[in-house]
Amino acid sequence: MDISSRTVFMIGGTSGIGLELSRRFLKAGSAVVVGGRRGDVLTRLAGEGFATAEIDVTDAGSVARARDEVLGARPDLDTVVTMAGTGMPEELRDPAHFAQTETIMDVNFLGTVRVIDAFTPHLVARGAGTIVTVSSGIGFLPFPLMPTYAASKAAVHAYSEALRAQLAGTGVEVAELVPPAVATGMGGANPRALALDDFATEVMDLLAQDPTPDEILVRGVLMHRWAERDGTYDELVAQRSQALATLPGRARTQPHAQEQLHVQAQGRTQAPGRTQVPGRR
């Protein structure tokens, strides 16, 4: 896409990756509307040259009001980015985690669908545009400490694939941004997290390609995206399961559990008849 001439609505653009990409689009010459829940932050961002709109992706009425406000001010809107997201650890041995499950799915998956539903008719009617969904490397290589976050992002991936197929021939393209851990409020605790500036630079370079890639894959996420194809999936999931020791009450028993996971991973990797299919998605 031509990143210098777009009119972008960045939902969830008040912090982290969304804010950095909003600034990159604005600096490149595009018009940017930043959407978020916090009016005080939106007021501050208006001082940076952004148009703003309040939106809560868990509230269908809020999404509809934001759509009407944005399209009323910018009928030339051609790019919608569904950046809003949340995630947290969950203890699946405790059924009380279900409240967290509902919250995560409502924001990450259903919120994405609400936004897409709100803006797809406009984009199809104009015969051109881009929807950028946001999944995660965790959607392809689970992080057992955050099970619903992984599931929600896997759902976004599958939905993006279906949306792309259904919009074929309309002029509306669907690009799926697949971040790894990035040094923001959500991913900053990971010592391997990519620097936000470096990540954003790579993302904008990929978005600027013509045609826009179906999947925006920075180098740091390739190990997640292709782990199953490359035969590293089981071992990497076992390694990532070590984080379960941070759950309350798990520290004493986790070493034995990790030994079992390692053995299971080795057994699955070496099991007769199991093959890795190149290009499997």
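Guide: Let us begin with helices α3 and α4, which pass each other in a right-handed crossing; please keep in mind that this is a predicted model. The axes of α3 (residues 60–73) and α4 come within 9 Å and cross at roughly 30°.

Visitor: Which residues make the contact there?

Guide: On the α3 side the contact is made by Ala60, Val63, Arg67 and Leu71, and on the α4 side by Arg114, Val115, Ala118, Phe119 and His122. Sorted by class, the residues of this contact of α3 with α4 are six nonpolar, one polar and two charged.

Visitor: And what about α4 and α5, at what angle do they pack?

Guide: Helix α4 (residues 98–126) and α5 pack at an angle of about 20°, and their axes are 8 Å apart. Since angles under 35 degrees count as roughly parallel, that makes α4 roughly parallel to α5. The crossing in which α4 passes α5 is right-handed. Among the residues that make the contact are Ile104, Phe109 and Ile116 of α4, together with Tyr149, Val156 and Leu163 of α5. By class, the contact of α4 with α5 has 10 nonpolar, five polar and two charged residues.

Visitor: Switching to the sheet, in what order do the strands come?

Guide: The sheet is open and is formed by seven strands in the order β3-β2-β1-β4-β5-β6-β7, with parallel pairing. At its edges stand β3 (51–54) and β7 (215–216), and because each has a single partner strand, one side of each is left without a neighbour in the sheet.

Visitor: How many bridges join β1 to β4?

Guide: Four bridges join β1 (residues 7–11) to β4 (residues 79–82), and these two strands run parallel.

Visitor: What does Glu91 touch?

Guide: Leaving aside residues up to four places away in sequence, Glu91 touches His97, Leu247, Pro248 and Arg250. As for Met146, Glu91 and Met146 are 55 residues apart in sequence and 8.8 Å apart in space, C-alpha to C-alpha.

Visitor: Where would I find a cis peptide bond?

Guide: A cis peptide bond joins Asp210 and Pro211, with omega at about 0°. Pro211 itself lies in the loop between α6 (196–207) and β7.

Visitor: Last one, stepping back to the protein as a whole: how many helices and strands are there, and what percentage of residues is buried?

Guide: The protein has 10 helices and seven strands, and buried residues make up 46% of its 281 residues. Of the contacts in the protein with a separation of 6 or more, 65% are accounted for by residues 24 or more positions apart.

How values were computed:
Residues numbered from 1 in each chain as written. Predicted model: local features only at pLDDT ≥ 70, side-chain atom pairs only at ≥ 80, totals over all residues. Heavy atoms only, no water. Pairing = 2+ DSSP bridges. Axes fitted to C-alpha atoms, helices over the stretch in contact; angles between N-to-C directions. Parallel < 35°, antiparallel > 145°, perpendicular 65-115°, else oblique. Left-handed = near helix turned anticlockwise from the far one by under 90°. Contact = heavy atoms within 4.5 Å. Nonpolar A, V, L, I, M, F, W, Y, C, P; charged D, E, K, R; others polar. Buried < 20%, exposed > 50% of the residue type's maximum accessible area, 1.4 Å probe, protein only.
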